[in-house]
Structures are given as structure tokens and as C-alpha cells.
Amino acid sequence: MNSPSVRALLVRGMLAGLAAGVLAFLVSYVLGEPRVEDAIALEEAAAHASGGGHHHEAAPVGRALQATAGLGTGVLLYGVALGGLTALALCFALGRVGRFGPRATAAFVAGGAFAAVTLVPFFKYPANPPAVGDPATAGRRTALYLLMIVLGLLLTAAAVLLGRRLAPRLGGWYASVAGGGFLVTAVAVAYAVLPGVDEVPAGFPATLIWQFRLSSLAIQATLWAGIGLLLGELAHRHLVPERAAGSPADRSGSSAVAA
Amino acid sequence: MAQSAVPAVPASDAAVTPVPLRELAPWAVFTGVLMLVLLYFVGAEQGATALFEGETVHEWLHDGRHLLGFPCH
């Protein structure tokens with residue numbers, strides 16, 4: 001097996017992020033946009049009913065652009081950035097987390113990142129459609145959201161370190177269970193200590209919020225699954241020489257099947 | 001087919017040689033910061049804080065922020 005080059009993996013990570021971003025954009029356009037439109041319709045109906053002005057009407061970017069090019073810009077840049085960061089994490093993890101090959105390691109890293117930066121913040125401070133959330137508290141909510149992401153990363157890293165520390169004494173399985181138990185407990189304590197956010201306007205349909213949040217989760221799941229699988233595949237092709245890829249000598253991780 | 005007849009080379013079990021940290025560090029710092037700046041612009045510029053005046057960045061990325069889970073407004 002070749003030794004990994006940071007530059008090569010970084011480029012592959014950003015490419016995987018771009019491709020996963022395209023998939024996530026399709027999901028966001030098909031599943032997410034109808035919910036955004038519904039929420040904006042409700043928001044405007046409420047603004048008309050109260051006779052007040054509305055900030056979307058004076059917007060420099062129209063809805064048609066927001067829902068297509070704007071959404072695409074956001075999701076693709078997000079994908080490229082996370083793909084690059086995942087590649088850096090993969091560079092660190094390769095050869096350091098047991099005898100896994102590039103594909104299994106990439107899946108492990110992307111799965112851990114999905115849990116740390118998406119799931120952990122999501123269950124405390126979930127995504128909200130337009131019309132939900134007081135603009136006056138946007139700064140505070142952003143700070144809490146970022147804090148939750150940082151906590152998710154730190155606690156996940158601590159859980160992995162703890163598992164590795166315990167592995168020689170408990171064996172791989174019980175060390176993993178202990179690490180997972182630590183993560184769940186620590187996240188539960190953080191949830192209990194940090195302030196909650198509940199700024200859903202009275203009468204806002206619960207179904208719409210549920211569907212919006214599910215579609216948001218689907219977008220993130222698509223992105224992270226795409227990054228994990230594509231980066232793993234590209235890293236595998238980069239690191240495992242063609243002739244060895246299907247040979248019995250290559251027994252690292254999940255690479256029993258030739259690419 | 002004849003795979004089991006060929007003895008495995010033990011050396012290949014040592015999966016991948018880890019990248020030395022001193023080689024990874026400059027990449028991690030430089031590109032890591034670059035990627036985080038990118039995430040800041042996607043998620044928070046002209047929202048919670050602003051480096052540039054106006055609302056164009058916020059409005060352009062409006063739907064993405066909502067759907068990706070960032071507090072938008």
C-alpha cells in the first residue's frame with residue numbers, strides 16, 4: 001500500500017465534497033424547497049394580516065434565485081468545505097484507528113463527523129424554516145448552535161480516545177460500548193445544562209416543522225454519506241496499487257473486493 | 001479462485017502508514033482555516049455578525065442556511 005499524501009487526499013476530499021454537494025442539492029431542492037415555500041407563504045400571510053411590512057419584499061435577491069442558484073451555492077460550498085476538512089481528518093486517522101483500509105476509515109471518519117457536527121447539534125437546536133425564530137435572538141442562537149457543534153466534536157473525540165484507552169483492558173467490543181456510553185451521557189448532560197430555544201409562532205403547523213426538519217436531516221445525511229463513500233473510494237484508488245487491489249495480500253479492512 | 005493458495009504477506013496487514021503529524025500540521029492549519037472561513041460565509045455572514053455591509057450574502061444563501069440548519073434570522 002502506498003503511503004498517503006496530504007495534498008492528494010485533500011484534493012480528493014474536496015472533489016468528494018463537491019459531488020456529495022450536488023446530491024445534497026438535489027435532495028434539498030426536491031424535499032426542502034417545498035417546505036421553505038410553504039413557510040414563506042405562511043410568513044407573508046401573517047405579515048399581511050398584521051398589516052406590517054415584510055423584510056423579504058425589499059430583498060435584493062428574488063425567491064426564484066434563492067431557491068436555485070442561491071441554494072446551490074450554499075450547499076456546494078458547504079460540501080466542498082466539509083469534504084476538505086473530512087480529508088484532513090482522514091489523513092490523521094489513516095493507519096491510526098486499527099487495521100482498517102482507506103474505505104472503512106473514511107466511512108468511520110465521515111460517520112463520526114455526521115454524529116458530531118450534525119446529529120448532536122440537531123437534537124438540541126434543530127433547523128427551523130423561515131417564519132420560525134425571532135430575528136432579535138439570531139446572534140444568541142448562532143452562538144449556541146456553534147457551541148453545540150464544538151461540543152459534539154470534542155465529546156466525540158474524547159469518546160474515541162476513551163475507547164482506545166480502554167481497548168487493551170476490555171477488548172474492542174466493550175471498549176467501543178463504553179466510549180459510546182460516555183458520548184451519549186456527556187451529550188445528554190450538555191443538553192440538560194444548555195438553554196433551550198423555542199420560538200415557534202403560535203399556530204404554526206407542527207407538520208410543516210416536522211417535514212422541514214426531516215428534509216434538513218435528509219440533506220445532511222446525503223452529504224455525509226456521499227463524502228464518506230466517495231472519499232473512501234478515491235482514497236482507496238490512490239493508496240492501494242492497482243495490481244494489489246484484488247490480491248489476497250491486500251487484506252486491510254474492507255478491501256476484500258477489488259475496486 | 002486460487003487466492004487461498006497464496007500465503008498472505010504479513011507486511012500488508014499494517015494497513016496504511018500513518019502520515020507524520022509534522023507533515024500534516026501545515027496543511028491542517030492553512031486549509032483548515034480556509035475551509036472554516038468558507039463555512040462562516042455560508043452559515044453566518046450578514047446573519048449573526050457581518051464583515052460586509054448589506055444583505056446580499058444573507059439573501060443569496062438564505063434557503064441554504066435554513067435547510068442546512070444554521071440559525072438564519
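**View 1. The domains of chain A in the predicted model.** The domain assignment of chain A, whose bounds come from an automatic or database domain assignment, gives domain 1 (1-52 + 64-132 + 205-248) and domain 2 (136-199). This is a predicted model, in which local features need pLDDT of at least 70 and side-chain atom pairs count only at pLDDT 80 or more, while totals for chains, interfaces and linings use all residues. Residues are numbered from 1 along each chain as its sequence is written, and chains are lettered from A and ligands numbered from 1 in the order in which they are written. Taken over C-alpha atoms, the centres of domain 1 of chain A and domain 2 of chain A are separated by 20 Å. Nine residues of domain 1 of chain A are in contact with 14 residues of domain 2 of chain A, where two residues are in contact if their C-beta atoms, placed from the backbone, lie within 7 Å. The side of domain 1 of chain A that touches domain 2 of chain A has seven nonpolar, one polar and one charged residues; here Ala, Val, Leu, Ile, Met, Phe, Trp, Tyr, Cys and Pro count as nonpolar, Asp, Glu, Lys and Arg as charged, and the others, Gly among them, as polar.

**View 2. The fold of chain A and the loop residue A:Ala131.** Chain A has five helices and zero strands, where helices (H or I, at least four residues) and strands (E, at least two) are DSSP runs, numbered from the N terminus. A:Ala131 lies in the loop between α3 (102-124) and α4 (138-193) of chain A. A:Ala131 counts as buried because it has 21 C-beta neighbours inside 10 Å; a residue is buried if 20 or more other C-beta atoms lie within 10 Å of its own, exposed if 12 or fewer, and partly exposed in between, with C-beta atoms placed from the backbone. Leaving aside residues up to four places away in sequence, A:Ala131 touches A:Ala39, A:Leu42, A:Glu43, A:Pro201 and A:Phe204. Of the 259 residues in chain A, 41% are buried.

**View 3. Helices α2 and α5 of chain A.** The axes of helix α2 (residues 63-93) of chain A and helix α5 (residues 206-239) of chain A come within 10 Å and cross at roughly 50°; axes are lines fitted to C-alpha atoms, for helices over the stretch in contact, and angles run from 0 to 180 degrees between N-to-C directions. That angle makes α2(A) oblique to α5(A), since angles under 35 degrees count as roughly parallel, over 145 as roughly antiparallel, 65 to 115 as roughly perpendicular and the rest as oblique. The contact is made by residues including A:Gly79, A:Leu82 and A:Gly83 of α2(A) and A:Leu223 and A:Ile227 of α5(A). By class, this contact of α2(A) with α5(A) has seven nonpolar, three polar and no charged residues.

**View 4. Where chain B meets chain A.** In this view, 40 residues of chain B are in contact with 55 residues of chain A. The largest share of the side of chain B that touches chain A, ten residues, comes from α1(B). Helices α2(A) and α1(B) pack at an angle of about 160°, with their axes 9 Å apart, and they are therefore roughly antiparallel to each other. Among the residues that make this contact are A:Leu77 and A:Tyr78 of α2(A) and B:Trp27 and B:Met35 of α1(B). The residues of the contact of α2(A) with α1(B) divide into 14 nonpolar, four polar and no charged.
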